[in-house]
Amino acid sequence: MLREVTPAMRDPKTPPDVMIRAEARRPETDPTLGIAVNVNRQGTPRHRLVAIGDSLTQGFQSGAIFNTSLSYPRLIASELGWAEFRYPTYGGPGDGLPINLEWLARQLEQSYGDKIDWWEFAPALLTVRDLLDRVEDYWERGAGSIPPDPYGRINHNLGVYGWDLRNTLSKTADRCRAEIQQNSPRDNFTNQGVQNANEISALRVLNSARNDRGQAFPPLDAAQALAAEGTLETGDGDGIETLIVMIGANNALGSILQFNVSWSGDDYDSIEQNNQYTVWRPIHFEAEWNQVVEQIKQIRARHVIISTVPHVTIAPLARGVDRKVVPGSRYYPYYTLPWITDQEFNPDKHPHLTEQQARAIDSAIDQYNDCIANSVRQARQEGRDWYLFELVSLLDRVALRRYVLDPTARPSWWDEVGGAYELPAPLQALNPVPDSRFFVSDRTGRKQGGLFSLDGIHPTTIGYGIMAQEIIRIMQIAGVQFYQSNGTPRSGDVEIDFNRLIQLDTLIANPPKSISNDLSLIGWLDSNFNLISRTMRSMTA
């Protein structure tokens, strides 16, 4: 195992405030950080659960936001027995926004079977163009372009895909509407794709997040407004019972979406300018995070659960090429798109990150997470009932190629946190057992993967179930009472029904037949329509 940093591990373009680490940060094993607090349980919070976040909270899958009824906050609300949980919905002809890769794959299968032969190439191109045109028309000019009622009730799921810390602090529905008007969409025959997809998506989340004068709120202020709502009987608000905050991944995710490392500059806090950056320097992340923390403290919430940022280089969209750089390393020499094979890969031709760049990104994220953990520690020392959810550790512990299959690369804390993550029994009973590799299936069924959806970034439904289960465990530590749908209190450990989720997860229960080992369909869509790359770029607001 590598334990010391060498000069060769540092990319020369890495800023000096990024502390390069030989192994991943040691996660906290106690969500309370060992600090006891006295919790005021007086009153009955009107809002049992509110979630602030990005695509992971909104429920993004396979390149689209669509199945929001199976987002992790919605799954938790179901276990709470709380039917009043409000969340936006997305439908349309393509089952989501901006483009649902699973829907597109199944549409092609209906027309061409599980493989597009050479003589079907031209008609298949026209089929995809027509499918994309239907989706574009719906969201840009059809029913999908109409925002929800601005006088409706504020959603409890306030996650918006692609949003970073600054967006969560400052961006509102009115700003999104102005950006749509400024970048007026055009019906482009040769470049099909939903323009302003992120802003359209955000309007469905935030258009009703306003005060009684119509002033629009960003997500943190929307949560504060929910917490201030009074009960009908007394006019006194009892706030939010559990607030979940899971943001920060988009302060580094652009690096693997674009295969480009551009460190944040002095204008990191400008919504107008910071899209040019793909990774925030730790000093800039901390400055933004401190503002987030101050706003969270203004929200009247009995319990607050704050998530760490996952190592984005674990996502299977960035596949390690060949073998590890040296025995005991967690890194590969290059990372590129998963449909580019080791034999095909050429660093002069294909998009990629280097080992040094991947290590720098992960090291910066480790510093983000030190900052996040310290804020939870300070809040508990102040008597606030805040908890730390180590999402980064959860994903590290399922990283098949990085750690699970390579014991020499495991960090020194591996066994202390329980080693490889133990999947729930119903998932272990699947054949093959779901893992963190890019999803592959053919006419015989799923061949590998299963925890990540077809975009190689976001979880499948069972993956979201795992996240929900881990957060539920923290909520039970906090003393949150869960109920049956009939209002009967639940006792003992609350367990997600993964057998049910397996049936609801269409990638698992009914895998597409065309996502074969060479990922030819995904690669074909990207090479001919720039579809994957364009969709991924839209995920950074």
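**Basis.** The model is predicted; local features need pLDDT of at least 70 and side-chain atom pairs pLDDT 80 or more, while totals for chains, interfaces and linings use all residues. Residues are numbered from 1 along each chain as its sequence is written, and side-chain values use heavy atoms, with hydrogens and water left out.

**Helix α2.** I looked up how enclosed helix α2 (residues 72–80) is. Of its 9 residues, 7 are buried, so the helix is largely enclosed by the rest of the structure. Buried means under 20% relative accessible area, exposed over 50%, and partly exposed in between, with a 1.4 Å probe and protein chains only. Helices are DSSP runs of H or I with at least four residues, strands are runs of E with at least two, and both are numbered from the N terminus. The buried set in α2 is Tyr72, Pro73, Leu75, Ile76, Ala77, Glu79 and Leu80. I find these residues packed against β1 (47–53), α1 (55–58), β5 (240–246), α15 (461–477) and α16 (498–504); contact means heavy atoms within 4.5 Å. Just after α2, Gly81 has a positive phi of about 75 degrees.

**Cores.** I then checked the nonpolar cores, which are sets of buried Ala, Val, Leu, Ile, Met, Phe, Trp, Tyr and Cys residues joined through side-chain atoms within 4.5 Å. The largest has 150 residues, and Tyr72, Ile76 and Trp289 have the most contacts inside it. Helix α11 (residues 355–381) supplies the largest share of this core, 11 residues. A second, separate core of 8 residues includes Ile314, Tyr403, Ala409 and Trp414. Leaving out residues up to four places away in sequence, I list among the contacts of Tyr72 Leu56, Ile244, Met246 and Tyr464.

**Asp396.** This residue is in helix α12 (residues 391–396). Asp396 is buried without a salt bridge, and the nearest side chain of opposite charge, Arg402, is 5.0 Å away. A salt bridge requires a side-chain nitrogen of Lys or Arg within 4 Å of a carboxyl oxygen of Asp or Glu. For charge, Lys and Arg count as positive and Asp and Glu as negative; His and the chain ends are not counted. Beyond four places in sequence, Asp396 touches Ala24, His311, Ile314, Tyr403, Trp413 and Trp414.

**Sheet.** I noted an open, antiparallel sheet of 3 strands in the order β7-β8-β9. Strands pair if DSSP finds at least two bridges between them. β7 (319–320) and β9 (353–354) are at the edges with a single partner strand each, so one side of each lacks a neighbour in the sheet.

**Cysteines.** I found 0 disulfides (cysteine sulfur pairs within 2.5 Å). Cys176 is buried at 0% relative accessibility, and Cys371 is buried at 12%.
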